Amino acid sequence: MSVPPLPHGAQVVVVSGPGGVGKGTLVELLLARDPHLWLSRSWTTRDRRPGEPADAYRFVTEEEFAAHVAQGGFLEWVEFLDYRQGSPVPTPPEGSDVLFEIDVTGARRIKEMYPDALLVFVDAPSREEQAERMRGRGDAPDRVAQRVEKAAEEAAAAQQLGMRLLVNDDLDRALGELQELVADHRAR
Ligand code: ADP
């Protein structure tokens, strides 16, 4: 697939990381502070999970997803056992940079398409803290265990991809560092 062009000068920022480390929280705060960042919301065919924000994804039917695939509307998409998920071709307004919040596999594909993208891997200070945050958010114990187990693999993949590691210890500090990474990337 040829890579859809972005508006002239638009930068690409990818935020990835294991479940429960605080990606969504950081992204929401970053977007609120940075009017020149435009969120490319992923599409999913799965149901919204309990406690999941309504705008975490664009929740669509299998038919809507398939139609969008057929018209070349996705940059990348994956099929899990029981649902499909993907990043639509971004359509940011002129003057905005594009932000993706996606998993490491998606980040790898975005890097292939946009080699100059800034890739940030958010992690918790420890696996215990990651698990604690998920428990605090109300995740079921089996999901917590699954995501913690997957995290080491994701961190290794992120390192291989050369992603910038951002440890989300103190939220304000981490947000500041994320803003700096974005500012430095724009200033290159
Ligand atoms: P993710 O999007 O990575 O799955 P969330 O943004 O949903 O993670 O955050 C998981 C939980 O951790 C939420 O309850 C959130 O309020 C909390 N959290 C996020 N960042 C921090 C932080 N720096 N310190 C403590 N708790 C945090």
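**Helix packing and strand pairing in the predicted model**

The crossing of helices α1 and α6 is right-handed. The structure described here is a predicted model. Helix α1 covers residues 23-33, and helix α6 covers residues 171-187. Their axes lie 10 Å apart, at an angle of about 60 degrees. That angle makes α1 oblique to α6. On the α1 side, the contact is formed by Thr 25, Leu 26, Leu 29, Leu 30 and Arg 33. These residues meet Leu 171, Ala 174, Leu 175, Leu 178, Gln 179 and Val 182 of α6. By class, eight of the residues in this contact are nonpolar, two are polar and one is charged.

Val 14 stands opposite Phe 100 of β7.

Helix α3 spans residues 104-113, and helix α5 spans residues 141-161. The two pack at an angle of about 15 degrees, and their axes are 10 Å apart. This angle makes α3 roughly parallel to α5. The crossing of α3 and α5 is left-handed. From α3, the contact includes Val 104, Ala 107, Arg 108 and Lys 111. Facing them in α5 are Glu 154, Ala 157, Ala 158 and Leu 161. Five residues of this contact are nonpolar and three are charged, with no polar residue among them.

Strand β6 pairs with both β3 and β5. The β5 strand, residues 74-79, is joined to β6 by five bridges, and the two run antiparallel. A hairpin links β5 to β6 through four residues. Glu 76 has Ser 87 as its bridge partner in β6. Strand β3 is joined to β6 by two bridges, again with an antiparallel run. Here Thr 44 stands opposite Gln 85 of β6.

How many residues of β6 are buried? Five of the five are, so β6 (residues 84-88) is largely enclosed by the rest of the structure. In a regular strand, side chains alternate between the two faces of the sheet. Both faces of β6 are covered. Arg 84, Gly 86 and Pro 88 are buried on one side. Gln 85 and Ser 87 are buried on the other.

Pro 50 sits in the loop between β3 (43-44) and β4 (58-59). Is Pro 50 buried or exposed? Its relative accessibility is 84%, so Pro 50 counts as exposed; the cut-off for this class is over 50%. Pro 50 is 60 residues from Ile 110 in sequence. In space, the C-alpha atoms of Pro 50 and Ile 110 are 29 Å apart.

Definitions and conventions
Residues are numbered from 1 along each chain as its sequence is written. This is a predicted model: local features need pLDDT of at least 70, side-chain atom pairs count only at pLDDT 80 or more; totals for chains, interfaces and linings use all residues. Side-chain values use heavy atoms; hydrogens and water are left out. Axes are lines fitted to C-alpha atoms, for helices over the stretch in contact, and angles run from 0 to 180 degrees between N-to-C directions. Angles under 35 degrees count as roughly parallel, over 145 as roughly antiparallel, 65 to 115 as roughly perpendicular and the rest as oblique. A crossing is left-handed if the near helix is turned anticlockwise from the far one by less than a right angle, and right-handed if clockwise. Contact means heavy atoms within 4.5 Å. Ala, Val, Leu, Ile, Met, Phe, Trp, Tyr, Cys and Pro count as nonpolar, Asp, Glu, Lys and Arg as charged, and the others, Gly among them, as polar. Buried means under 20% relative accessible area, exposed over 50%, partly exposed in between (1.4 Å probe, protein chains only). Two strands pair if DSSP finds at least two bridges between them.
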